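Please look through the sequence and the model below before reading on.

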Amino acid sequence: MNQIMAFTSSSLLLFLLCFFQSLCLYSVSSSPNKPLLLPLTHSLSLSLSSSSSSFPSQSYLLKFSSLRSADRFHSSRRRRRQLPLPLAAGADYTLSLTISSTTVSLYLDTGSDLLWFPCSPFQCILCENKPLYSPPLPPPPSSHPLPCSSLLCSAAHSSLPISDLCAAALCPLDAIETSSCSPSSHPCPLLYYAYGDGSLLASLRRGHLSLISSLSLSNFTFACAHSALAEPLGVAGFSRGPLSLPSQLAKLSPFLASRFSYCLIYHSFLPHRLLRPSPLILGRSSTISFTYTPLLHIHKNPFFYSVSLLSISVGRVTIPASSQLVSRGMVVDSGTTFTMLPGEMLRRLAAEFQLQMGRRGFIRATGAEERTGLGPCYEYGKGRNESQRVPAMGLHFAGNASLWLPTRNYFLGFESEGERVGCFMVISGGDEAEGEEDDGGDDGGGGPAGTLGNFQQQGIEVVYDLEMGRIGFARRRCGELWDSVSRG
């Protein structure tokens, strides 16, 4: 209250207008253009406080995450409209938000455009042994159903006409014709979302979203799920879709929504590496140095953050990317663990990597390949000298943007059945990505040709510059970045 009293008269007037109209963002910060720092928590770290006495081995987590990455990638190309399935423990990052006094932990997902969470009564099918960090609560009491006449209701239902949606909500014909359907009596119909290997049914609602205690967004549209298949947690969608958190925030605070970034602390699938949060920064400064590549605009997948991959370097050898990776691009995704490439492209990349590893004296470890589903794998000792023998790997994007990955982002050393091994951490998306049949569009295929997963993004600040239509990369020490931004 003391801070509000310190506002200038014009600022106070704006605040009161926003409050009574219930449709804008307000902040008691005296610096409206100051970046907002939020903590991301890896799901592995949540296992530290779990009642379970045992923690899965690295080999298990690697194989499990590679399978789930493949499921998510294939679902993104198969379905016209889907909510990609967030990966379970060992894969994704969670963000805590408060919606109309209800605090929820949600997976951050730049590959989907909806914010949803479970609401009681809640039924989750095939959710045994999956994390449920807090019991579902009733729908936030101060929230209300989204009207069937809302444009966001139409956006959620794949742009169906509002008249069709209000008819499904049993609104009388005369009210449909005069656009006077009662919001309370005729809410937006239940939303069915299919994703990866599961699905959900949810009601769309509006309420106050609080990013921090001093920053609130009213009339925020979210989904309250009462039944789900295979996923007991919710998602905070950060894609380019109209329902995503950045899209809704942009209407009221363009500064915070126009540029956001995250920097994922390296974890190596070991929970003790995750004692510090990874920073998520809304309103990232445009003066910070990044290497940028332009976003692709794909008609069939307009919400994805897709970029054109031109080639990949292994040591001094450059391997041209397949035509699909150039034209349809690869998605920069926070919700997929491993980078996925079309099968033929990965075979060329792995063959060159295997050739150079053999020349450097590394010995294949086929047993580790069978246990993890990754490959090629090699006997791999500890120490800096060993990692320096691994050939360098760089991704080259459109716009003369090159990203040279830290060795541990694409070649991970770990213990497997009593032996120390290292495995190549890029996996196949299958050959169908190379020759996928088109369904009549002009994009050369049904979806993205590859995915840049969050494992390969560790130790790299990734900025999503929505204002300029580009993605930026910069090598960072993510813990130090958290410290510097939090100090202001």
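Why is the disulfide of Cys377 and Cys423 right-handed? The torsion about its S-S bond is about 110°, and therefore the link has that handedness. The structure you are viewing is a predicted model, in which local features need pLDDT of at least 70 and side-chain atom pairs count only at pLDDT 80 or more, while totals for chains, interfaces and linings use all residues. Residues are numbered from 1 along each chain as its sequence is written, and side-chain values use heavy atoms, with hydrogens and water left out.

A disulfide is a covalent bond between the sulfur atoms of two cysteines. Here the term is applied to a pair of cysteine sulfur atoms within 2.5 Å, and a search of the whole structure finds 7 such links. In the link between Cys377 and Cys423, the distance from S to S is 1.9 Å. Because Cys377 lies in strand β19 (residues 377-379) and Cys423 in strand β23 (residues 419-424), this pair ties together parts that are 46 residues apart in sequence. Strands (E, at least two residues) and helices (H or I, at least four) are DSSP runs, numbered from the N terminus. Cys377 counts as buried at 0% relative accessibility, and Cys423 is buried with a relative accessible area of 0%; buried means under 20% relative accessible area, exposed over 50%, and partly exposed in between, with a 1.4 Å probe and protein chains only.

Another disulfide joins Cys148 to Cys166, with 2.2 Å from S to S, and with 95° about the S-S bond this link is right-handed. Cys148 sits in the loop between β6 (144-145) and α5 (151-156), whereas Cys166 belongs to helix α6 (residues 162-168), so that the pair links distant parts of the chain, 18 residues apart. The sulfur atoms of Cys171 and Cys181 are 2.0 Å apart, and their disulfide is left-handed, with -100° about the S-S bond. Both Cys171 and Cys181 are buried.

Now turn to strand β4 (residues 102-109), where 6 of the 8 residues are buried, so that this strand is largely enclosed by the rest of the structure. Two strands pair if DSSP finds at least two bridges between them. Strand β3 (residues 93-99) pairs with β4 in the antiparallel sense over 6 bridges, and Ile99 stands opposite Thr102 in β4. The two strands β3 and β4 form a hairpin with 2 residues between them, and Ser100 in the turn has a positive phi of about 50°. With strand β10 (residues 234-237), β4 pairs in the parallel sense over 4 bridges, and there Asp109 stands opposite Gly237 in β10.
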